[in-house]
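Take a moment to look over the chain from end to end. Then read on, with the structure beside you.

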Amino acid sequence: MPALTTKQIGLRLKAVPNWSKRAHTILRTFKFQGFLKSMDFVNRIARKAQKANHHPDIDIRFDKVTLKLSTHDEGGITEKDFSLARQCDGVLARYFV
């Protein structure tokens with residue numbers, strides 16, 4: 001899957017408005033009510049990432065989880081990253097809101 005152009009990335013970011021582009025990644029920070037909720041979210045994301053064979057960089061800070069997505073094999077951001085971003089947003093909407 002080829003890396004997306006800057007214009008393509010900008011268009012796709014409109015569909016995931018809480019995500020932003022930084023360098024060769026898209027990222028989002030999620031905030032929860034405590035560490036256990038953060039870990040529950042991370043575990044749900046881990047299952048989806050494993051199934052997709054596409055793994056985010058995850059930073060856990062007590063009640064905040066930052067996910068960074070990039071397709072390293074392609075050297076940039078691809079549709080795989082946006083697909084997983086939408087899935088992460090879905091996990092948040094279904095279980096944590």
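**A walk through the chain**

Gln50 lies in helix α2. Helices here are DSSP runs of H or I with at least four residues, strands are runs of E with at least two, and both are numbered from the N terminus. Gln50 is exposed, with a relative accessible area of 52%. The cut-offs are simple: buried means under 20% relative accessible area, exposed means over 50%, and partly exposed lies in between, using a 1.4 Å probe and protein chains only. From Gln50, look across to Pro17. The two are 33 residues apart in sequence and 24 Å apart in space, C-alpha to C-alpha.

A word on what you are viewing: this is a predicted model, where local features need pLDDT of at least 70, side-chain atom pairs count only at pLDDT 80 or more, and totals for chains, interfaces and linings use all residues. Residues are numbered from 1 along each chain as its sequence is written, and side-chain values use heavy atoms, with hydrogens and water left out.

Now step back to the whole chain. It has three helices and four strands. Their order along the sequence is α-β-β-α-β-β-α. The radius of gyration is 13 Å, close to the 13 Å that the globule rule gives for 97 residues, so the chain is as compact as a globular protein of that length. That radius is taken over C-alpha atoms, and the rule is 2.2 Å times the number of residues to the power 0.38. Along the principal axes, the C-alpha atoms fill a box of roughly 35 × 25 × 20 Å.

How much of the chain is buried? Of its 97 residues, 40% count as buried. The accessible surface comes to about 6,000 Å², and carbon and sulfur atoms own 52% of that. These areas come from the Shrake-Rupley method with a 1.4 Å probe; for residues, only the protein chains shown count as cover.

Contacts tell you how the sequence folds back on itself. A contact means heavy atoms within 4.5 Å. Take the contacts with a separation of 6 or more: 67% of them are between residues 24 or more positions apart.

Next, the strands. β2 and β4 run antiparallel, joined by six bridges. Two strands pair if DSSP finds at least two bridges between them. Phe30 has Val65 in β4 as its bridge partner. β3 and β4 also run antiparallel, with five bridges. Here Asp59 has Thr66 in β4 as its bridge partner. The hairpin of β3 and β4 has two residues between the strands, and in this hairpin Phe62 takes a positive phi near 50 degrees. When you trace a strand, keep one rule in mind. In a regular strand the side chains alternate between the two faces of the sheet.

Return to helix α2 and find Val42, which lies there. Is Val42 buried or exposed? At 9% relative accessibility, Val42 counts as buried. Leaving out residues up to four places away in sequence, Val42 touches Ile58, Ile60 and Val65. Ala3 is another matter. Val42 and Ala3 are 39 residues apart in sequence and 26 Å apart in space, C-alpha to C-alpha.

Helix α3 covers residues 79-95, and Gly90 is found in it. Gly90 counts as buried, at 15% relative accessibility. Gly90 and Leu67 are 23 residues apart in sequence and 14 Å apart in space, C-alpha to C-alpha.

Two loops deserve a stop. Ala23 is found in the loop between β1 (20-22) and β2 (25-31). Ala23 is not a glycine, yet it has a positive phi of about 55 degrees. Ala23 is exposed, with a relative accessible area of 56%. Asn53 is found in the loop between α2 (35-52) and β3 (57-61). Asn53 is not a glycine either, and its phi is positive, about 55 degrees. Asn53 is exposed, with a relative accessible area of 56%.

Last, the charges. The chain has 18 positive and 9 negative side chains, and the centres of the two sets lie 5 Å apart. Lys and Arg count as positive, Asp and Glu as negative; His and the chain ends are not counted. Each charge is placed at NZ of Lys, CZ of Arg, CG of Asp or CD of Glu.
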